[in-house]
Every structure is written in structure tokens, then in C-alpha cells.
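Student: I am new to this structure. Can we go through the labels one by one and set each against its definition?

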Amino acid sequence: MTARVNDLESWKLFCLIVEKQGLNAAADFADIEPSRLSRVINSLEAELGSPLLVHNRRPLQTTSFGDQAYEMAKALLAQHAQMLETLKGDKDRMEGLITIAIPAGIGPLFVTPQLLEVSADFSKN
């Protein structure tokens with residue numbers, strides 16, 4: 001079983017709880033059971049050895065450790081999102097070399113102007 005501290009989804013849920021200022025609001029927003037969120041928080045706290053939230057307090061409050069964890073988790077999740085965006089990139093983007101074999105007489109008059117136009121269109125993107 002994967003430890004919660006190594007699970008990005010657990011950190012996303014923790015951040016959601018903090019941002020929505022409560023388990024029930026976060027559960028409603030994410031359309032999941034509050035008990036699942038409670039288990040995630042309990043597991044994170046047990047694995048880290050420190051409380052993230054001040055329990056039995058309304059409105060929800062984070063501990064100083066929870067504040068630190070929230071800021072770091074938020075930065076980690078943003079970096080992860082940026083990594084995925086960079087790696088996935090624009091799948092419609094064309095790149096690479098195109099090799100064309102054409103008779104010598106038609107290249108300069110017909111093909112070259114068309115290739116320059118296509119190249120200009122794609123270099124704008």
C-alpha cells in the first residue's frame with residue numbers, strides 16, 4: 001500500500017480542505033464522502049507524526065505545521081501541473097524535418113513558394 005505522504009492526490013485533498021475551510025465543504029466541492037477526506041487527513045498526520053489541522057474547531061484551522069505543509073504542498077502541486085503541461089505539450093504542434101523528392105524543374109517555381117508559406121504559418125505558432 002502506498003503511503004499517503006507519497007500520494008499527490010492526498011496532498012490535493014489536503015489543500016482542498018484548507019482552501020474550502022472544512023471537510024464538508026471540500027467533500028461537497030469534490031463530490032466525495034467527508035469520511036474519505038477524514039481518513040486522508042488522519043493518515044497524513046499519522047505518517048508525518050504531527051497534526052495538520054486543529055481538530056474539533058469551527059471554522060477549520062491549520063496548525064503551524066499544517067500551514068507549512070499547505071504552502072509546500074501547494075508549490076509541489078503547481079510544479080507537478082507545470083511538469084505535465086510541459087511534457088504533454090501541444091500535440092497538434094508540428095516539428096521536425098520534411099524531405100520532399102520532386103523533379104528539378106518544378107521545385108523553384110511551384111514547390112518552394114508553397115513550402116515557404118507553410119513554414120511561415122507554422123513558425124507563428
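Student: How many salt bridges does a search of the whole structure find?

Tutor: One. This is a predicted model: local features need pLDDT of at least 70, side-chain atom pairs count only at pLDDT 80 or more, and totals for chains, interfaces and linings use all residues. Residues are numbered from 1 along each chain as its sequence is written, and side-chain values use heavy atoms, without hydrogens and water.

Student: What makes Lys 74 and Glu 71 a salt bridge?

Tutor: The term needs a side-chain nitrogen of Lys or Arg within 4 Å of a carboxyl oxygen of Asp or Glu. Here the N to O distance is 3.9 Å, so the pair qualifies. Both residues lie in helix H4 (residues 64–88), three residues apart, about one turn of the helix.

Student: Why is Lys 74 called partly exposed?

Tutor: Buried means under 20% relative accessible area, exposed over 50%, partly exposed in between (1.4 Å probe, protein chains only). Lys 74 has 36%, so it is partly exposed. Glu 71, at 45%, is partly exposed too.

Student: And why is Leu 109 called exposed?

Tutor: Its relative accessible area is 65%, so Leu 109 counts as exposed. Leu 109 sits in helix H5 (residues 107–124).

Student: Why is H2 called oblique to H3?

Tutor: Helix H2 (residues 23–30) and helix H3 (residues 34–48) pack at about 120 degrees, with axes 8 Å apart. That makes H2 oblique to H3. Under 35 degrees is roughly parallel, over 145 roughly antiparallel, 65 to 115 roughly perpendicular, and the rest oblique.

Notes: Helices (H or I, at least four residues) and strands (E, at least two) are DSSP runs, numbered from the N terminus. Axes are lines fitted to C-alpha atoms, for helices over the stretch in contact, and angles run from 0 to 180 degrees between N-to-C directions.
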